[in-house]
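Open the model in your viewer and keep the sequence panel beside it. This tour goes from one selection to the next.

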Amino acid sequence: MAAPLSSERPPLFDDAPPLPPLIESREPSDPRPRLNPDEVAVTAPERLAQRWRERLTELGAPTAVTVSVQQNRVAISIGDAILFAPGQAELTPPGHAILRRLAATLIAARGDLIIEGHTDVTPVANQRFPSNWELSGARASSVVRRLIDLGVPATRLSAVGFADTRPLGPGGDPASLARNRRVAISLQADE
């Protein structure tokens, strides 16, 4: 039986500094050189990812929470071992805690948040989830429900399950399998 949902909202970390803009505007009289578009395409995503890594460190996120930037989206990936017991979709106490830490930053971010569930290639072996598709979708939905409880507007959230179709690690070794089991929170990169 699930524990009753708390109506208590987390503090909004009003004292947390906003993320700096990706590229600062410059006056025509500014002597600093402007970045050419080719340089921005190569360096901007890494700078943005680094700012998000620093923000997550400030929030006390464990090192298993990683950041990448692709196609104008930031992806905050959380390993499944933090969020869920094997083969389950109910958040663990550490899973609740990490989402509580992230909530204010996600509330402050602009745009829609896509919560992606990912599994490894190992077939799930329980009656509740006939395949990794159901497991990955249920895990994404659990994270969405928790974020709504923490104050993220439901109108900004969506959940999607990818099963094992988007692996990060190429092999069937334990490290690759663990890397592939994750939930990613995808948001606009133009903060």
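**Stop 1: Leu-106**

Select Leu-106, which lies in helix 3. This is a predicted model. Is Leu-106 buried or exposed? Leu-106 counts as buried, because its relative accessibility is 0% and the cut-off for burial is under 20%. Now show its surroundings. Beyond its neighbours within four places in sequence, Leu-106 is in contact with Ile-76, Leu-113, Leu-147, Val-152, Arg-156, Ile-185 and Leu-187.

**Stop 2: the whole chain**

Zoom out and colour by secondary structure. The chain has five helices and five strands. Read from the N terminus, the order of elements is α-β-β-α-α-β-α-β-α-β. Of the 191 residues, 41% count as buried. The accessible surface comes to about 11100 Å². Carbon and sulfur atoms account for 57% of that surface. Take the contacts between residues at least 6 apart in sequence: 70% of them join residues at least 24 apart.

**Stop 3: confidence**

The chain average is 81, and 76% of the residues score at least 70. Where does pLDDT stay under 50? Select residues 1-42: pLDDT stays under 50 over this stretch. For residues 1-42 the model has 38 contacts beyond four places in sequence. Where pLDDT is low, the predicted coordinates should not be read in detail.

**Stop 4: Arg-53 in helix 1**

Move along to helix 1, residues 37-58, and pick Arg-53 within it. Arg-53 is partly exposed, with a relative accessible area of 28%. Setting aside residues up to four places away in sequence, Arg-53 touches Glu-46 and Val-67. Arg-53 and Ser-68 are 15 residues apart along the chain, and their C-alpha atoms are separated by 9.2 Å.

**Stop 5: the largest pocket**

Rolling a probe the size of a water molecule over the atoms shows where empty space is left. The largest pocket has a volume of about 440 Å³. Which residues lie nearest its centre? They are Ser-68, Gln-70, Ala-75, Glu-116 and Leu-168, out of 19 lining residues. Colour the lining by residue class: seven are nonpolar, seven polar and five charged. Then highlight strand 1 (65-70), strand 2 (73-79), strand 3 (113-118) and strand 5 (182-188). Each of these strands supplies at least two residues of the lining. Strand 1 gives the most, with five residues.

**Stop 6: Gln-71 and Asn-72**

Check the backbone angles. Most residues other than glycine have a negative phi. Phi of Gln-71, however, is near 50 degrees, a positive value. Asn-72 also has a positive phi, about 60 degrees, although it is not a glycine. Are Gln-71 and Asn-72 buried or exposed? Gln-71 is exposed, with a relative accessible area of 77%. Asn-72 counts as exposed too, at 67% relative accessibility.

**Stop 7: Thr-92**

Jump to the loop between helix 2 (80-83) and helix 3 (93-108), and select Thr-92 there. Thr-92 counts as buried because its relative accessible area of 16% falls under the 20% cut-off. Look at what surrounds Thr-92. Not counting residues up to four places away in sequence, Thr-92 touches Ile-82, Leu-83, Phe-84 and Ala-85.

**Stop 8: Gly-117**

Finish in strand 3, at Gly-117. Gly-117 is buried, with a relative accessible area of 1%. Which residues does Gly-117 touch, not counting residues up to four places away in sequence? Show Ser-136, Ala-140, Val-160, Gly-161, Phe-162, Ala-163 and Arg-182. Last, draw the distance from Gly-117 to Ala-159. They are 42 residues apart in sequence and 7.7 Å apart in space, C-alpha to C-alpha.

Note on methods
Residues numbered from 1 in each chain as written. Predicted model: local features only at pLDDT ≥ 70, side-chain atom pairs only at ≥ 80, totals over all residues. Heavy atoms only, no water. pLDDT = per-residue confidence, 0-100. Contact = heavy atoms within 4.5 Å. 1 Å grid on protein atoms, 1.4 Å probe; cavity = no way out; pocket = protein on both sides within 12 Å on 5 of 7 lines; lining within 4 Å. Points joined across faces, edges and corners; volume = space filled by probe spheres on them. Helix = DSSP H or I, 4+ residues; strand = E, 2+ residues; numbered from the N terminus. Nonpolar A, V, L, I, M, F, W, Y, C, P; charged D, E, K, R; others polar. Buried < 20%, exposed > 50% of the residue type's maximum accessible area, 1.4 Å probe, protein only. Areas by Shrake-Rupley, 256 points an atom, 1.4 Å probe, with all protein chains shown as cover.
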